[in-house]
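Subject: Structure for you to look at

Dear colleague,

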Amino acid sequence: MNLSLLVIFPLITVALLLFGRGQSTIRWIALAGTTVQLVLSFALLALYWQERTAGNSAAFLFEYRHAWFSALNIDYHVGVDGISVAMILLTAFIMIAAILVSWTIKSMTREFFVLLLLLSAGAYGFFISLDLFTLFFFLEVSVIPKFLLIGIWGSGKKEYSAMKLALMLMAGSALVFVGLLGLYYNTGAAGGPHTFDWPAIAQMQVPVKAQLLFFPFLFTGFGIFTALFPFHTWVPDGHSSAPTAASMFLAGISMKLGGYGCLRVAVFLMPAAARVYSPYIIGLATIAIVYGAFATMMQKDLKYINAYSSVSHCGFILLGIGMLTRTAINGAVMQMISHGLMTALFFAAIGMIYDRTHTRLVERLGGLLKIMPFISTIFVIAGLCSLGLPGLSGFVAEITVFMGSWQHPGGMYHLATILACASIVITAVYILRATGQTIMGPVNDPQYNGLTDATWNEKLAGIMLVAGIIAIGVAPFWLNELINK
């Protein structure tokens with residue numbers, strides 16, 4: 001399969017949008033484009049399984065290489081393994097759901113969908129890149145569109161939030177670039193050429209001194225994207241001001257770029273440094289888990305609740321990566337997928353509620369289950385997934401992280417695991433309280449009685465995301481096998 005199609009088709013869709021006339025036409029072009037993305041991702045999954053079943057044991061499949069800038073040995077080098085395929089599937093699901101929930105966007109509809117599709121092109125390119133410079137290029141592609149989506153279509157302190165998000169992520173990118181240059185100039189032993197090629201670097205022995213020096217740059221830089229404490233402060237502001245589709249992308253995909261980079265680049269390419277810095281990673285991840293949970297309890301705005309909850313849940317990703325055991329790393333990847341689906345569903349439901357009630361404050365809501373049964377149902381499912389209800393993806397991912405973390409010997413590691421497990425109780429408190437106050441009980445405002453439930457496009461988006469959550473929660477073996485192949 002030609003992996004470049006994953007990047008090319010979003011760009012083709014962007015070109016078609018530029019020539020589209022009328023809001024209805026623009027919407028259908030965007031939906032058709034993301035549908036093709038979903039079909040391509042399923043085709044990639046089928047072909048990948050077929051190759052592995054046939055006995056192809058290569059580290060990466062469907063590789064393609066083309067010289068990009070020969071003077072610096074930079075290639076356009078792409079390929080996928082199981083982790084990459086899983087992240088591509090996640091991106092495809094969230095993108096089509098984001099288009100569906102944005103169906104009623106009236107202000108600059110064309111520009112809105114163009115920016116969303118550019119984000120998807122950046123994400124796909126990032127997940128298929130095997131050249132670190134190419135990977136960095138696609139990482140940068142996904143920053144500016146976020147700034148514009150929040151600054152133009154956002155709400156509240158949108159200019160401040162957009163600027164803060166852009167500056168924080170650009171700072172993270174700068175750290176990543178320094179780390180990548182450090183890796184680059186510590187390759188090419190015995191006078192050979194330097195390289196950004198991931199498989200080639202993985203076969204080398206990067207000097208331990210270089211690993212110790214540049215690992216913090218890479219892990220912190222990518223960690224900023226995935227809400228590494230204490231560099232998480234862009235998350236609540238960014239999510240609270242972003243339009244629904246942008247929030248879904250930010251939490252569901254963009255924050256996973258960071259986790260993927262921490263694992264794929266920092267840990268896999270610099271294992272010696274990863275072992276040295278493991279206690280610090282675990283300490284920061286544990287703080288993020290507990291702090292994020294307690295901070296969420298104090299929030300009154302539904303978007304802030306989900307944003308701070310994301311800080312806590314992304315802590316599980318970093319905890320699993322920091323533990324360095326195979327089971328914990330598998331759990332971290334599963335948590336990336338689970339959290340992506342769950343938080344996208346949560347933001348979608350919150351956006352549907354806000355579009356109808358014009359408020360996100362929990363105290364002003366109430367009794368919505370009687371008025372909006374479908375929206376209330378997906379809201380509850382997202383909440384139950386967040387608190388780790390068995391049968392949903394959140395339980396599978398978190399229990400895998402906990403089991404893998406407990407395998408790491410040492411009292412400090414066991415203490416971190418216990419604290420992470422204890423945070424589930426706090427999560428249950430704020431999820432059940434927010435759910436009860438928002439959708440249960442009597443209708444708080446008589447004006448809500450005339451509101452409508454989800455439209456066809458919102459129902460389709462919700463059903464797709466719920467299907468993904470249940471598919472992992474009920475039968476997680478396929479995802480676990482995919483990650484390990």
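The notes below go through helices, helix packing, aromatic rings and one serine.

Please keep in mind throughout that this is a predicted model.

Helix lengths

Helix α2, which covers residues 23-53 and so has 31 residues, reaches 45 Å from its first C-alpha to its last, close to the 45 Å expected at 1.5 Å a residue. The helix is followed by G55, whose phi is positive, near 100°. For helix α4 (residues 109-128), the 20 residues should span 28 Å at 1.5 Å a residue, and the 29 Å between the end C-alpha atoms agrees with this. Helix α4 is also mostly covered, with 17 of its 20 residues buried.

Packing of α5 against α7

The axes of helix α5 (residues 132-141) and helix α7 (residues 158-184) come within 11 Å of each other and cross at roughly 175°; since angles over 145 degrees count as roughly antiparallel, the two helices are therefore roughly antiparallel to each other. On the α5 side the contact is made by L132, F133, F136, L139 and E140, and on the α7 side by M170, S173, V176, F177, L180 and L183. Sorted by class, this contact has 9 nonpolar, 1 polar and 1 charged residues.

Aromatic rings

A search of the whole structure finds 27 aromatic pairs. One of them is formed by F112 and W153, an edge-to-face pair with 5.3 Å centre to centre and 80° between the planes. Because F112 lies in helix α4 and W153 in helix α6 (residues 144-153), the pair ties together parts that are 41 residues apart in sequence. Both F112 and W153 are buried. Elsewhere in the list of rings, W68, F133, F137, F138, Y184, Y185 and F196 are linked into a cluster by ring pairs, and F133 is also one of the α5 residues that make the contact with α7.

Leaving aside residues up to four places away in sequence, S338 touches C385, S393, G394 and A397. For A397, the C-alpha atom is separated from that of S338 by 6.8 Å, although the two residues are 59 residues apart along the chain.

With best wishes

Definitions and conventions. Residues numbered from 1 in each chain as written. Predicted model: local features only at pLDDT ≥ 70, side-chain atom pairs only at ≥ 80, totals over all residues. Heavy atoms only, no water. Axes fitted to C-alpha atoms, helices over the stretch in contact; angles between N-to-C directions. Helix = DSSP H or I, 4+ residues; strand = E, 2+ residues; numbered from the N terminus. Parallel < 35°, antiparallel > 145°, perpendicular 65-115°, else oblique. Contact = heavy atoms within 4.5 Å. Nonpolar A, V, L, I, M, F, W, Y, C, P; charged D, E, K, R; others polar. Buried < 20%, exposed > 50% of the residue type's maximum accessible area, 1.4 Å probe, protein only. Phe/Tyr/Trp six-rings, centres within 6.5 Å; stacked < 30°, edge-to-face > 60°.
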